[in-house]
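User: I'd like a walk through some packing features in this model. Could you give me the general idea each time, then the case here?

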Amino acid sequence: MSTSKDPVVGDPTEDGLKVTPPKTWATGLPAVTHAMQYSLGQTSVRRTALTLLNINQAKGFDCPGCAWPEPGPGHRAKNEYCENGAKHINDEATSRRVTADFFRTHSIAELDQKSDYWLNQQGRLTEPMVKRPGADHYEPIGWDDALGLLAEELRRLDSPDEALFYTSGRLNNEAAFLLQLFARAFGTNNLPDCSNMCHESSGSALMETLGIGKGSVSLDDIHHSDLIFVVGQNPGTNHPRMLSALEETKRNGGHIVAVNPLPEAGLMRFKHPQKARGIVGRGTAIADQFLQIRPGGDLALFQALNLLLLEAEDARPGEVLDHGFIRTHTTGFDDFAELARKASWDDILDATGLTREEIEAVGERVLRSGRIIVCWAMGLTQHKHAVPTIREVVNFLMLRGNIGRPGAGVCPVRGHSNVQGDRTMGIWERMPQSFLDALEREFAFTPPAEHGLDSVNAIRAMRDGDAKVFVGVAGNFVRATPDSDVTERAMRRCRLTAHISTKLNRSHTVCGETALILPTLGRSDRDIQAGGEQFITVEDSMSEVHASRGRLDPASPHLLSEVAIISRLARRTLGDSPAIPWEKFEADYGTIRDRISRVVPGFGDFNARVDRPGGFRLPNPVNDGVFPTPSGKAVFTRNDFEMLRAPAGHLLLQTLRSHDQWNTIPYAMNDRYRGIHNGRRVVLVNPVDLEALGLADRSEVDLVSVWRDGVERRAEKFRVVAYPTTPGSAAAYYPETNVLVPLDSVADISNTPTSKGVVVRLEPAVAAG
């Protein structure tokens with residue numbers, strides 16, 4: 001039990017910041033050591049063994065961390081997890097508990113002053129809690145009363161559209177399907193999710209160009225590609241198991257081009273911790289060429305590569321472009337090529353910060369490669385011109401027919417375990433009419449057709465008093481979203497906020513007039529219902545759907561599964577209209593999968609197919625040469641040149657994770673790959689920029705973002721650290737710097753916050769009075 005008299009951890013200070021040279025390789029034996037140290041610090045040897053022997057195994061549970069796929073059955077290692085996956089699962093499996101005594105001891109105001117690290121370290125939530133109007137403490141509440149209170153508030157709303165139903169990628173397919181079903185039966189499409197803040201730009205660009213908002217490649221494609229671009233992505237921290245796949249690429253003769261503003265360790269060299277060469281050898285060099293690009297310069301880079309391909313075709317007609325693919329499967333080529341040929345090298349070099357020689361060297365690699373994949377993450381998606389950038393990536397791949405064939409294609413790498421599955425299940429404020437029609441046929445009610453609110457618009461609605469009830473299923477909305485001060489004020493305007501959670505986080509301390517904490521089972525917990533022991537399913541980043549079975553005794557007898565909570569809430573809110581068998585869904589998750597099989601394309605015979613070891617892969621029409629766009633063909637697009645510019649004396653800031661962090665929660669105050677120890681309020685700046693700005697290394701500054709609304713957004717007391725960032729840019733950790741991202745600074749089309757392109761100035765910090 002965690003109380004103020006018996007604290008689990010202290011709230012760390014940043015007085016002892018230590019900086020060492022950045023690492024030039026990732027993983028190896030230190031990763032094993034750090035994973036075990038953290039795991040054993042959270043729970044017993046026995047529970048650690050149970051989690052690590054079952055994580056990502058065919059009869060075990062899926063890692064609740066990233067969405068990187070597992071190899072097929074028979075090809076998986078006995079230790080099919082990474083350092084961060086081991087930390088993440090044992091953070092969930094922790095033996096620490098947060099009970100009613102904890103909330104009696106700590107007021108909400110006190111908890112609100114604690115760090116994200118401290119809140120997470122208190123342990124698993126154990127029973128439902130409520131904050132009454134005017135109260136400053138949570139108190140226990142029974143499940144019936146808690147769900148009755150929430151249902152009553154929902155029914156009191158003047159319109160269903162005054163409610164918001166948010167989820168993160170931790171949610172499983174069955175619960176996600178029920179959540180969207182409940183929301184739509186209630187009468188709203190307000191289903192904001194974490195995709196809105198990360199890969200929404202990917203979905204927007206891919207839907208427009210290819211007709212499907214998902215990647216097209218498999219793990220086998222990665223292994224056998226001739227050339228892989230890893231763009232705006234740090235796999236060593238965010239998807240470490242991707243490094244073993246890239247190592248396989250290299251061992252099969254493939255090459256890798258890394259494109260990133262920071263020289264991340266995982267992009268340089270990988271020491272596989274389960275291979276002898278990774279323990280005693282030098283490991284495997286990952287990037288054959290590293291392009292240290294300016295933030296936001298990726299659009300110009302791919303425009304340059306496309307120009308080079310067109311010019312190479314001019315010099316060798318019929319030998320460079322795949323005219324058969326272009327003629328048969330695409331539309332818009334002539335308009336695209338007309339604009340592409342007008343690209344200015346002066347603009348390209350200015351936007352990318354690269355030399356023409358560097359870009360032309362990549363162009364030569366492209367010409368030597370028959371099968372090409374482009375992988376990307378938030379370094380591409382969280383810019384104002386993110387959607388045009390990804391459309392230009394698709395143009396690049398289509399020029400040589402690198403879409404829909406083995407070893408080639410698009411690979412958006414999702415950052416959370418089932419974020420792609422949640423979208424497949426209908427967690428989207430703009431699901432197509434075909435999905436809504438299928439719901440109507442299956443459940444005999446008419447879902448609302450008007451589009452709902454995404455995450456950014458949900459904040460605006462709460463801020464403006466247009467949304468009054470917020471229901472968060474998993475995640476940490478307050479800390480994951482931009483413009484922290486605005487978001488917190490918006491959340492506090494709600495009449496009621498409710499969070500279905502496994503552990504304490506900041507969203508529980510920034511709450512509405514009434515607030516509920518509804519504790520749920522974790523991915524590793526055994527799930528026993530009236531129909532017996534249940535399993536859930538998830539979809540990874542490459543459209544593989546497989547089962548996940550918890551193996552641990554639940555953290556408390558008072559926990560309910562997410563399926564049970566949603567089912568009971570739906571019954572209390574909707575009654576028998578429409579006639580949906582919520583009680584049967586709670587008792588037997590197979591009945592949910594039966595309904596999914598009749599509603600969601602690709603899930604026919606769901607229960608039988610997912611029972612096979614390793615599950616099944618969803619069909620991707622692109623790989624069959626079918627493009628479900630209005631024209632029936634893949635679309636070349638015209639994308640005007642755009643460049644991020646910072647005024648003199650300012651820098652372009654990107655927010656990022658530390659290595660010891662998962663999403664909004666740090667597991668330690670270190671970022672050892674970047675050489676940062678015992679501190680998070682740091683800003684990484686190129687030494688050339690420090691000199692130009694007249695700032696000394698380790699000096700204390702405030703970060704102030706510059707935005708057209710004239711509002712000063714300030715993140716105070718950061719230590720400047722000289723670091724080999726791209727000149728003119730800076731980097732700092734989120735969620736501490738989310739306060740600097742204006743709510744209205746979003747990507748065109750996708751409405752994704754521009755967390756990778758924030759214009760800031762650095763001001764000497766003012767000493768406390």
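User: How do I read the packing of helix H8 and helix H28?

Analyst: Two packed helices are described by the angle between their axes and the distance between the axes. Here the axes of H8 (residues 173-186) and H28 (residues 589-599) come within 10 Å and cross at roughly 65°. Axes are lines fitted to C-alpha atoms, for helices over the stretch in contact, with angles from 0 to 180 degrees between N-to-C directions. Helices (H or I, at least four residues) and strands (E, at least two) are DSSP runs numbered from the N terminus.

Before we go on, a caveat: this is a predicted model, where local features need pLDDT of at least 70, side-chain atom pairs count only at pLDDT 80 or more, and totals for chains, interfaces and linings use all residues. Residues are numbered from 1 along each chain as its sequence is written, and side-chain values use heavy atoms, with hydrogens and water left out.

User: Which word describes how H8 and H28 lie to each other?

Analyst: Roughly perpendicular, a label for angles of 65 to 115 degrees. The crossing is left-handed, meaning the near helix is turned anticlockwise from the far one by less than a right angle.

User: Which residues of H8 and H28 meet?

Analyst: Contact means heavy atoms within 4.5 Å. On the H8 side you have Asn173, Glu174, Phe177 and Leu178; on the H28 side, Tyr589, Ile592, Arg593, Arg595, Ile596 and Val599.

User: What does the side chain of Asn173 make a polar contact with?

Analyst: The side chain of Asn418, at 3.1 Å. A polar contact is a pair of N or O atoms within 3.5 Å; within protein, one must be able to donate a hydrogen and the other to accept it, and residues adjacent in sequence count only if both atoms are side-chain atoms.

User: Where is Asn418, and is it buried or exposed?

Analyst: Asn418 sits in the loop between strand S15 (409-412) and helix H21 (419-424). Its relative accessible area is 0%, so Asn418 is buried (under 20%; exposed is over 50%, partly exposed in between, using a 1.4 Å probe and protein chains only). Among the residues it touches are Gly169, Leu171 and Thr537.

How values were computed:
Parallel < 35°, antiparallel > 145°, perpendicular 65-115°, else oblique. Lists of a residue's contacts leave out its neighbours within four places in sequence.
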